Structure formats: C-alpha cells, structure tokens
Amino acid sequence: MQKEKLQDYIFPKNFYWGAATASHQVEGNNHNDWTEWEKSEKRVKDLKSSGLVNKHGLDNFVSGRSADHYNKYKEDFKLAKELGHNATRFSIEWSRIEPEEGKFNQKAIDHYKDVIKTLKELDIEPFVTLWHWPIPIWLRDKGGLKSSEMPKYFVRYAKKVVEVLGDDVKFWIVLNEPEVNTGMGYMLGIWPPQKKNILQYFRVTYNLMKAHKLTYREIKKINPKAQIGIAKQNVSFSLKKNTPVNRIIRCLANFYWNHVWLCSLKKYQDFIGLNHYFHCVVDYGLYKNDFKIVNDLGWEIWPTSLYECLKDLEKYNKPVYITENGLADAKDEKRTWFIYEMLKGVHKAIEEGIDVKGYLHWSLMDNFEWAEGYWPRFGLIEIDYDTLERKPRKSAYFYRDICIHNGIVVSTVDKYKKEIEKFS
Ligand code: NOJ
C-alpha cells in the first residue's frame, strides 16, 4: 500500500448500504423480448460464427433458470441482512405483471408484494426499479419501445404497480440506464431489437423520456412523498494531455453521455440515481486508456472515477443514490480493493458537499450479464448455477464490515490489508 495515512471514513447518519439486482438477470424463467431474442435463430447464428459458443457454450447466453431468485428471494434477502445491508434495489418484471396487454397478473403482484414485505420485515429499504430493460412480448409485437403508444402503456403498468405496491415503497427508479439500452438496441444494434437506426434511436429516447415524465406525475398523485428518479450510467472523463481539442472533446462527450438525460428530466427527479462503471481517457479520441487494471470484462478500473462522477453532479443540487457500482471479478481478486477505493471517493465527495445518501453495489449476487451471458461474475454472493448454492465472497464480508460500521474503519482495513494492498 502506498504510504497512505490510515483513518476512519465515517458516512452520514442513515446512509443506505446495500446491493442491487434486476429481474431478468436473477429471477429466472422470465418470458419477455430478451428471452425470445436469446433463442432466436439470428442470435444463435451470430454467437456460433463469432466463436463465442465454442468459448462459453450456448447455455451461457440463455437466461433460463438464472439464480432462481424468483423462488429464493427470502433466502437471498436474509443473506443480505446477514451481510449488513439496510437497502436493496431490485426491479419489477413488466412481462410478469402484464403478460397480456392490459391484463394484470395477480399472482405476480402478490409475489412482489411479498418481496417488499420480506424486505421491510428485515428492516431493509426497498429501491424499486420499474423498467430494467426487457419488455413484454405483446409490446414487442406492437413495435416495442419505438411505438408511439409506448409511453401510454408504460404509465398504465407503472400506475398499477405503484397503486398495489406503493404503500411500503419510498424510492422508485422509473428507468434504468435508458441511454445504454437505446444505444445498444437502436444505434449499435447489439441488443434486442438489434436496430442500427438513428431515427428510431431518437424516437425511443423521446418515448422513454415521455414515459418517465408521465410516470413521475402519476406516482406523485398516488403518493406525494414518494422519491422518484432514474438510474443513469455516468462515465468519468479525463484528459491525457490538457489541450484545447481534448478539452472540447471531453466537454462534448461529457455533455452527451452524462447530462442529456439528467438535464431533460431535471424537473422530474427527486434524486439522481448514479450507476457507475467506466472511465474514459480523452486523447484526440475516446477511450485512449492504458487499461492497466481491468475487470474480467476488460473495463478499466480507475480508483477516483466514482468520485469524479459525483462531483460532476454538483450542479443538479439533488440527493444522489449510487444505484450501481461494481465489477466482474470471478476470482474476487480486486473487489475488496475496488470497494475500498470507490467508497473513499464517495466519502470525499460527501465531505466536499455532494449529498450522497446511499451506495448499492452491483450486484448482490452473480447474474445474467445480458449479451455477455453468465460468465462475468459481478456478485458479492457467488452463485453455483448447477446447485443454486449461494456463497458470499470474501469481499462481501469486507463490505459487511463497512455497512455495519457505517463507514470504513481502520480495523477493517487492517483485517483486509492483503486484499487492499494488492492493487494500491
Ligand atoms: C448496468 C446495468 O444496469 C446492469 O444490468 C448490468 O448488469 C451492469 N451495468 C453491469 O454491466
């Protein structure tokens, strides 16, 4: 470890500590546009021709049973409690609530009621996401997110959910990373519905923004005290050389990627939900990083990146909840150090006046990492996909100590010195 003076980093009172998941990634046995896409002829052909099937096997790319969290949520939340968490973010699966257009499934509603009740009984605050990407098949068949009717359909679903589940939920995250989903699905053509169509990209962006605004108003009508936001994935940008051209590139990239959504929805957010994974070095182009320390997906880990993103949110003057931050690290080699560095940054941002009120690590457990499938391991808890056994990783216990102490204390750092020193 560099000659860093050890000190306690204590967080504000009532800070939320926990982890996040999303329905399609952990529940298992969903039926939505993604599950259909995963098995589609085109997808399977693409996977085979790219050599990925040989590398990971076809099953890796099919969400299937996943971690079976739909049936094991009680066990999982009990474990979260044992790991010191006082908050959990999860998402409601639209295709379960409204499997047929306009028909709400009471069994699914009861399920999520019990999910929330379970969390409440454990004294864990639920942060509920309404849309974490997949859509019901009937909506896909009507044109999906680009349909001009989409905002109307979304609000109908959201309203129903908030009416039936809202009594015990204070925090609603209407949309998860809409900018990522629209970019991957409608500009780069990598995710369903695999379009590369700039007009559709703007259409979908417009629809999602409209859906968010309408939903915000509806939730406020039902519960004026509800706290509503989106989870926005922001990138920290730094310059290799401080030249005028590099500064302009950074300014444009930062505005386009980090602020378009947040500015457009400024009046419709009570808090900012920050998802954070990426650092981008600008050097007459983007992502000119050295990639010295990377996670299993090759994403560079930059110890101060979360701090930089938090500082960049200052102008909104709103409470911030870190709704996701984590890494794919199957061997759990870097997670402890990663959490340590990221949280030091959060602490510094708080000291400098950013109103950060919670940190939700991605993810509570290993899960289905979208087009990458199952091989990336983001979980504090390891999942054995054959036996469904849950096993907290060592870093989960490091994080538990932080949750319990409401901060990083010297004795914890001492205890985990070896893991932290490896990369410092
Ligand atoms: C953000 C997404 O919300 C989540 O679903 C995904 O697994 C993580 N990023 C990691 O890529």
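## Salt bridges

A salt bridge is counted where a side-chain nitrogen of Lys or Arg lies within 4 Å of a carboxyl oxygen of Asp or Glu. The structure discussed here is a predicted model, and a search of the whole of it finds 29 salt bridges. Side chains of opposite charge can pair when their charged atoms come close.

One of these salt bridges joins Glu-27 and Arg-96, with 2.8 Å between the closest N and O atoms. Glu-27 belongs to the loop between helix 1 (23-26) and helix 2 (33-39), while Arg-96 belongs to helix 6 (residues 94-97), so the pair ties together parts that are 69 residues apart in sequence. Glu-27 counts as buried because its relative accessibility is 3%, and Arg-96 is buried with a relative accessible area of 15%. Arg-96 also lies over the face of Tyr-70, at 3.7 Å from the ring centre.

## A network of charges

Asp-366 and Arg-393 form a salt bridge whose closest N and O atoms are 2.8 Å apart. Asp-366 is in the loop between strand 9 (356-362) and strand 10 (381-383), and Arg-393 is in the loop between strand 11 (390-392) and helix 15 (394-405); the pair therefore ties together parts that are 27 residues apart in sequence. Asp-366 is buried, with a relative accessible area of 0%, and Arg-393 counts as buried at 5% relative accessibility. Through salt bridges that share partners, Asp-366, Arg-377 and Arg-393 are joined into one network.

## Aromatic residues

The whole structure contains 37 aromatic pairs according to the search. Among them is the edge-to-face pair of Tyr-277 and Trp-299, with 5.8 Å from centre to centre and 80° between the planes. Tyr-277 is in strand 7 (residues 272-282) and Trp-299 in the loop between strand 7 and helix 13 (305-311), so that this pair links distant parts of the chain, 22 residues apart. Tyr-277 counts as buried, at 12% relative accessibility.

Elsewhere, one aromatic cluster is formed by Phe-11, Phe-15, Trp-17, Tyr-359 and Tyr-399.

Helix 10 (residues 178-187) is mostly covered, as eight of its ten residues are buried. Its buried residues pack against strand 4 (125-131), strand 5 (171-176), helix 11, strand 6 (227-239) and helix 12 (244-264). After helix 10 comes Gly-189, which has a positive phi near 70°.

A nonpolar patch on the surface consists of Met-187, Leu-188, Ile-190, Ile-198, Leu-199, Phe-202 and Tyr-256, together about 690 Å² of accessible area. Helix 11 (residues 198-222) supplies the largest share of the patch, three residues.

Definitions and conventions:
Residues are numbered from 1 along each chain as its sequence is written. Side-chain values use heavy atoms; hydrogens and water are left out. Patches are made of residues with over 30% relative accessible area and no salt bridge: like charges are joined within 9 Å, nonpolar side chains (Val, Leu, Ile, Met, Phe, Trp, Tyr) within 5 Å. Accessible areas come from the Shrake-Rupley method with a 1.4 Å probe; for residues, only the protein chains shown count as cover. Helices (H or I, at least four residues) and strands (E, at least two) are DSSP runs, numbered from the N terminus. Rings of Phe, Tyr and Trp (its six-membered ring) pair if their centres lie within 6.5 Å; planes under 30 degrees apart count as stacked, over 60 as edge-to-face and the rest as tilted. Buried means under 20% relative accessible area, exposed over 50%, partly exposed in between (1.4 Å probe, protein chains only). A charge sits over a ring if NZ of Lys or CZ of Arg is within 6 Å of the ring centre and within 35 degrees of the ring normal. Contact means heavy atoms within 4.5 Å.
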